[in-house]
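User: Please take a close look at one part of this structure. What does it pack against, and how?

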Amino acid sequence: MRVNRILLSTSLVVVALVLQVSVLARLHLPGAVPDLLLLTVLGLAMVYGHVGGALIGFGAGLLADLAPPADHAAGRYALVLCVIGYLAGLVKPENGQLKSATGPMAVVVAAAIGSTLLYAGVGALVGDTAARHVGLMSLLFTAALYDLLLAPFVVPGIMALARRAENDPLAETNSAAKGTDISSGWLSAGTGLRIGGQRSGLRMKAARSRVARAGRIKGVKRL
């Protein structure tokens, strides 16, 4: 991953994790908690692709596993977000831009349900049965609902920032240099046109001076 991708992804993931722990987790909503970290990974993955999505998802999940008040095994959420980021990156279009909001919303719902199921499945493997006491169906419904309501305010902005960060300064410099060459070519062409215009202007002035001289000569002869 390039430096601008790493810096932007790290900043967004840290901000999302802080808001997740300090704000969303304290709302005490029924069922699941709105997963801002998941939405951040989805937005970045749908711009950077499956490889970038997997790496960002793993890093974001690992931070969530280590950040207090995490009460589950380290690496559990990292695995979940790594898989979700990889799968979400597969829907990235060739130009990096989505024409409709239907696709991203469907990805959000599928990711919310898939991450909940995968998290509960990994928890069952390591002996964590908390999902059974809360109710898996309730968690699935509320997770999909909360993430779907939060997604329009998060995913488009993150995708826009990710696309803007894709502008490589070196590429911009090269394109600017090419633009300068093209501009210089246009300037030289324009100079040629100006020279031609100046020549025609001189010819017109010479013709007018000749006419004026002829008029003066005629006037002198008449006198």
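Analyst: Start with the contacts in the protein chain (contact means heavy atoms within 4.5 Å). Among those with a separation of 6 or more, 74% join residues 24 or more positions apart. The model is predicted: local features need pLDDT of at least 70, side-chain atom pairs count only at pLDDT 80 or more, and totals for chains, interfaces and linings use all residues. Residues are numbered from 1 along each chain as its sequence is written, and side-chain values use heavy atoms, without hydrogens and water.

Now take H2, residues 36-66. Its axis comes within 7 Å of the axis of H3, residues 76-89. They cross at roughly 175° (lines fitted to C-alpha atoms; N-to-C angles from 0 to 180 degrees). H2 and H3 are therefore roughly antiparallel (over 145 degrees; under 35 is roughly parallel, 65 to 115 roughly perpendicular, the rest oblique). Their contact has 18 nonpolar, seven polar and two charged residues.

H2 also meets H4, residues 102-125. Here the axes come within 11 Å and cross at roughly 130°. That makes H2 oblique to H4. On the H2 side sit Leu-38, Leu-39, Leu-42 and Met-46. Their partners in H4 include Pro-104, Val-107, Val-108 and Ser-115. This contact has nine nonpolar, one polar and no charged residues.

Conventions. Helices (H or I, at least four residues) and strands (E, at least two) are DSSP runs, numbered from the N terminus. Ala, Val, Leu, Ile, Met, Phe, Trp, Tyr, Cys and Pro count as nonpolar, Asp, Glu, Lys and Arg as charged, and the others, Gly among them, as polar.
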